[in-house]
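The exercises below are meant to be worked through with the sequence and the structure side by side. Try each task before reading the solution that follows.

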Amino acid sequence: MRRAPALLVLALLLVPLDAGAAEKRSGYADASPQTRAMQDDDSINPGFLWVTQGEALWQAREAGAARSCADCHGEARQSMRGVAARYPAYDASLGRPLTLEQRVGECRRQHQGAPAWPPESDEILAMTAFIGLQSRGMPLSVAVEGPVRPFLEAGRALYQTRMGQLDLAFAQCHDRLAGERLAGSVIPQGHPNGYPLYRLEWQSLGSLRRRIRGCLVGVRAEPFAADAPELVDLELYLAARAAGLPVETPAVRP
Amino acid sequence: MARVLMNVPAKARKGDIVELKILISHPMESGFRHDATGQPIPRHIIREFVCTWNDEEVVRVDLFPAISANPLLSFHALAEESGTIVMSWTDDRGERQSEGAAISVE
């Protein structure tokens, strides 16, 4: 009985701490009902324009290429199930983590004898959207232990580093101020669970890198080059931070 | 060829009102924007859209600038007979494209 007040004080102390760590909230929850309706109905979700293209690319044997994706991986519905939820993932032969886009590029180089598709091209967006769709509804679960750890920590450090003329870190907006407003828009927690996603502002499908570039330009920082290793570290940390949220690819966001 | 998602029910009962939908991948460039060098970007939009059911016109649409890229068109029609629904459209570069789907009406 004498311990009860102490426990009560402890509980009261824990409440604000918990509120600070806040529940994970997908950007879906902050989108308008109209935007959510677009994402919910596959027949009107514009992301599916890319998904159908990706499905065709999966089967296609390009001129000069030894084999198609399907020749090795078979039916994507089974072989690619859960794959997108695990990326970025560590590649032992390269000694560094790869994003799903980079994995597809490596696969094309090593096994198909074809060049990697350029970043943000319709082909790479289509393929990653198609692969991502096979994991829809599954929780994000990147590996965070083992050789990938230093890259994850580098990503975490980057996430907390102030950048640009506005001298802002990702953490300031997306951890501390998430749920508040920037002009008229709600600041989301910045979870990468729907990429590649269709952004109404872009009027196109786009990758997580494109989104990060937008944020960096927004704080007036020099954006990373498209193939910068820092971006992989950051994507890895973001995926680990969002662990447990369901994959929504291809999501629709304002 | 633009990518297209056409959504037409495969079956309907006679007298039903069915929803016909199509999502067309198109830049719908308004003609009011300029590129990085200051040159105006020429207008490139879908101008005209027609949907027919067994060659009978269901809907005809004139489109104008300020319609977003990748437009979604959705409308309703009265199911009277089985056959083919054809949607076709023309854009500013004179490109014509058609998509068809079969529907059976019982």
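**Exercise 1: a helix and its surroundings**

H12(A) is mostly covered, with eleven of its 13 residues buried, where buried means under 20% relative accessible area, exposed over 50% and partly exposed in between (1.4 Å probe, protein chains only). The model is predicted, so local features need pLDDT of at least 70 and side-chain atom pairs count only at pLDDT 80 or more, whereas totals for chains, interfaces and linings use all residues. Residues are numbered from 1 along each chain as its sequence is written, chains are lettered from A, and side-chain values use heavy atoms, without hydrogens and water.

Task: find which elements the buried residues of H12(A) pack against, and check the span of the helix.

Solution. Helices (H or I, at least four residues) and strands (E, at least two) are DSSP runs, numbered from the N terminus. The buried residues of H12(A), including Leu231(A), Tyr237(A) and Arg241(A), pack against strand S2 (96–98) and helices H7 (100–112), H9 (149–159), H10 (170–176) and H11 (208–218) of chain A, contact meaning heavy atoms within 4.5 Å. The expected span of a helix is 1.5 Å times one less than its number of residues; for the 13 residues of H12(A), 229–241, this gives 18 Å, which agrees with the 18 Å between the end C-alpha atoms.

**Exercise 2: two helices**

Task: decide how H7(A) and H8(A) are oriented to each other.

Solution. H7(A) and helix H8 (residues 122–133) of chain A pack at about 110°, with their axes 10 Å apart; axes are lines fitted to C-alpha atoms, for helices over the stretch in contact, and angles run from 0 to 180 degrees between N-to-C directions. Angles under 35 degrees count as roughly parallel, over 145 as roughly antiparallel, 65 to 115 as roughly perpendicular and the rest as oblique. The two helices, H7(A) and H8(A), are therefore roughly perpendicular.

**Exercise 3: a sheet in chain B**

Solution. Five strands of chain B form an open, mixed sheet in the order S2-S8-S7-S4-S5, two strands being paired if DSSP finds at least two bridges between them. S5(B) pairs with strand S4 (residues 46–53) of chain B in the antiparallel sense over six bridges, and Val50(B) stands opposite Arg60(B) in S5(B).
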